[in-house]
Amino acid sequence: MPTEIANEDPRLSLWLRVRTFAVPAPMIETATARRQAGDWAGACAAAGFDVDVTPRTVARTHGRELAGRVRTDLRRLAPDLLRWHMPRVGPDGVLRPGLTLALARYDTAEGPVHLVARTPPAWADAGQRISLALWDGTGTGSGRHPHRRPDRRFRLDLHRHLWDASRSADLRIRSGSGLTPSDAHDPVPPDLPCAVDRWAPEAALVLRAEGRTGGPVAVRLGGRGRLVVHVDPDADGPPAHSGQDPGGHPRGGPRITPWPGRGGGAGLPVLPDAATWTLPDLELLRAGLIEPGQLHPLVAAALVAGYPAAGWSPARDPAGQPLLVDCRGARHRIGLVDGVLAALDHDPDELRREELLAALSGTPLPCLRAIDATHRQPDCLPEVRGRLDHGDTAAAVALVEGLLGPEAVLRGGDLRDELAAAAQGRVTHGLYRAGLWDPWPGPKAGPVHRAGREERRRLVDFRSRPRLAHLR
């Protein structure tokens, strides 16, 4: 893999890390199998989703007609695909915290109701879990979420192909994978990976959703500036450059102007982030940093012609082998014995003497030094940290167990600190979900904060019993 390309481009490096750790293959396989069996709730559980909405409660609150529409969308939801496309932030590519993102909008007599996906605030994002809820403008079901209203910039109700399994094939056209970017868009910085040739039709979709046929749409380019896309209401389609793409769609260049001064664009519809930027998977494929088999199967089937969406089976990591250590002029083995890492080429009496010598400040055998270093800072620590950052605790623990053994008692060091932080983070997220703890309590949140402290005092201190089994 040409990792030097990723190292030169921080964006590619971030997305390569995301694609490596954020949505692991076992999650995709389990969620897909459950969804195809009709178990949408089981698919959500497999993909790390907390479901705060059910059709039965929707029927009691909003009527059976809306409940039926919500049930249909929940059955079409591929939660692993949604996690794949969720907005992320650097430097580790974790989920954008404190976000409420609209998946679908339902117009009712009482007003619009949205099916939304929410990410927890940054202080409670351990485990990288996502919640599903229904938002009707009253804040019902949102708990203590800091941003209850759906974000206009991060919305997927106009991009169902990013979460609806029945629409995933639309990704090829909606991502612009068949288009050749035009060089005629002067206001757009040339170093930004923008999907400029898709802006006109995507802006038209935004306007149509608001009952308009034309007009300006704001485009936010992060901290690099803002632009305005002008959609002509009298045009049948986006203004065409010469030629067409292989799919027969016009290569259009919308009229783009700089943002009209400070506050001048306030109130304009906003082009969703999913339509603003080039799809990261396309960038990784074009740079040769990823193979189609490493993509989500629905994404690979949409982007790579002839690639099957079914029958996907990623390669598995090989079983761990004994480690080799240069010890007193010979090559010795270190491997698992009765669930713990041990020196295989030394007899027990010799090991007891060397351990006693080490306890008296002596220099232990190289084999024992290697075992100690593996416990404290193993070579796989970056991978363990990456999996923990993205909520894949099971894979991180399995990786450590394969190296140290399931009965290992962790020693002080970076590995133990990472696992302890992950354990505490899961507790904090649970307290947040239960409404028992807020690190910045308001005037009426004192009892909640106190309850959180009391619950944390009852927890088993991971530092006093640092066994891997406590993380399961």
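## Surface and overall make-up

In this predicted model, the accessible surface of the chain comes to about 23,400 Å², and carbon and sulfur atoms contribute 50% of that area. The chain has 472 residues, of which 47% count as buried.

The chain contains 18 helices and 14 strands. Among contacts in the chain with a separation of 6 or more, 64% are between residues 24 or more positions apart.

Arg 155 lies in the loop that runs between strand 6 (130-135) and helix 8 (171-174). Because its relative accessible area is 16%, and under 20% counts as buried, Arg 155 is a buried residue.

The side chain of Arg 155 is joined to that of Asp 157 by a polar contact of 2.8 Å. When neighbours within four places in sequence are left aside, Arg 155 is in contact with Leu 101, Ala 102, Ala 209 and Pro 272.

## The pairing of helix 15 and helix 16

Two packed helices are described by the angle between their axes and by the distance between those axes. For helix 15 (residues 381-389) and helix 16 (residues 393-404), the angle is about 160° and the axes are 7 Å apart. Since angles over 145 degrees count as roughly antiparallel, helix 15 and helix 16 are therefore described as roughly antiparallel to each other.

The crossing of helix 15 past helix 16 is left-handed. On the helix 15 side, Glu 383, Val 384, Arg 387 and Leu 388 take part, and they meet Thr 393, Ala 395, Ala 396, Leu 399 and Val 400 of helix 16.

Definitions and conventions: Residues numbered from 1 in each chain as written. Predicted model: local features only at pLDDT ≥ 70, side-chain atom pairs only at ≥ 80, totals over all residues. Heavy atoms only, no water. Helix = DSSP H or I, 4+ residues; strand = E, 2+ residues; numbered from the N terminus. Buried < 20%, exposed > 50% of the residue type's maximum accessible area, 1.4 Å probe, protein only. Contact = heavy atoms within 4.5 Å. Areas by Shrake-Rupley, 256 points an atom, 1.4 Å probe, with all protein chains shown as cover. Polar contact = N/O pair within 3.5 Å; in protein donor to acceptor, adjacent residues only side chain to side chain. Axes fitted to C-alpha atoms, helices over the stretch in contact; angles between N-to-C directions. Parallel < 35°, antiparallel > 145°, perpendicular 65-115°, else oblique. Left-handed = near helix turned anticlockwise from the far one by under 90°.
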